[in-house]
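Please open the model in your viewer and keep the selection panel at hand. The stops below go from the whole chain to single residue pairs.

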Amino acid sequence: MRDMALSDLLSSRGFVGEGAELALGLLCRLGLTRPGKSRIAAAKIEAVDEAFGAAFLRHCKKPACLPSAWDAREAILVAAEHCEVCGGSDNRRAVEAMLVAMRQAGWTKLLVVGGSPGTRGDLERLCRDRLELRFVTEDTTPNRKTVGPLLGWSEITAIWTSTEISHKATAVLRGRKVLKVPRRGVAALAEAVRVRCRSVC
Ligand SMILES: [Zn+2]
């Protein structure tokens, strides 16, 4: 059976320093390792990743990525590449998959509601010129006259429900093309859009 160094496993998941100690403590409590062991069986890695995802919220220090009060998981500060909210490579992968799915569905117009300036910027950069992207932000006047035409224009509308959005705006956003995304982050939104596209193909 193949195995790997526990320290490599932890650092590859973003856990270093105090974060690594917390992660190791969790694995010991769950019986996935025990104190003094330096290696872990490859067969356990899936369970380890599941346990990390359930127990910890890994976020970077960008203001947009700070944990929400409703997230009961223990917040752990990690480098941006491991951040659940903005984590570079995950976002890119998820957006590429979304673009493929939208192309297959024949859709090019995506309206995004909510999100932070940072996450909107990330999404825009990753989609650059390959998608028509519009936003309803905190600066959009939240009424039927402004939001209605945007909804009409879009082929799919995704609402980041965990960010602050005016109820007057969301009240207008109803119907079959509207999708609610409870999780924050570009990857979560892209994944939800991708799944919706697939359901119509
Ligand atoms: Zn981040």
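What follows is a tour in selections, each with a short account of what is there.

Begin with the whole protein chain, bearing in mind that this is a predicted model. Its C-alpha atoms fill a box of roughly 65 × 35 × 25 Å along the principal axes, and the chain holds eight helices and eight strands. Of its 201 residues, 42% count as buried, and among contacts with a separation of 6 or more, 56% are between residues 24 or more positions apart.

Now turn to the salt bridges, of which the structure holds five. Select Arg39 and Asp3, whose closest N and O atoms are 3.2 Å apart; Arg39 lies in strand S2 and Asp3 in strand S1, so the pair ties together parts that are 36 residues apart in sequence. Arg39 is partly exposed at 39% relative accessibility, and Asp3 is partly exposed at 37%.

Move on to Arg120 and Glu138, a salt bridge with its closest N and O atoms 3.2 Å apart. Here Arg120 belongs to helix H5 and Glu138 to the loop between strand S6 and H6, so parts 18 residues apart in sequence are tied together. Arg120 counts as buried because its relative accessible area is 8%, which is under the 20% cut-off.

Then select Glu191 and Arg194 in helix H8, which are three residues apart and thus separated by about one helical turn. Their closest N and O atoms are 2.9 Å apart in a salt bridge, with Glu191 partly exposed at 35% and Arg194 buried at 19%.

Finish at Ser154, in the loop between helix H6 and strand S7. Is Ser154 buried or exposed? At 2% relative accessibility, Ser154 counts as buried. Its side chain makes a polar contact of 2.7 Å with the side chain of Thr157, and, leaving aside residues up to four places away in sequence, Ser154 touches Lys109, Leu111 and Lys177.

Definitions and conventions. Residues are numbered from 1 along each chain as its sequence is written. This is a predicted model: local features need pLDDT of at least 70, side-chain atom pairs count only at pLDDT 80 or more; totals for chains, interfaces and linings use all residues. Side-chain values use heavy atoms; hydrogens and water are left out. Helices (H or I, at least four residues) and strands (E, at least two) are DSSP runs, numbered from the N terminus. Buried means under 20% relative accessible area, exposed over 50%, partly exposed in between (1.4 Å probe, protein chains only). Contact means heavy atoms within 4.5 Å. A polar contact is a pair of N or O atoms within 3.5 Å; within protein, one must be able to donate a hydrogen and the other to accept it, and residues adjacent in sequence count only if both atoms are side-chain atoms. A salt bridge is a side-chain nitrogen of Lys or Arg within 4 Å of a carboxyl oxygen of Asp or Glu.
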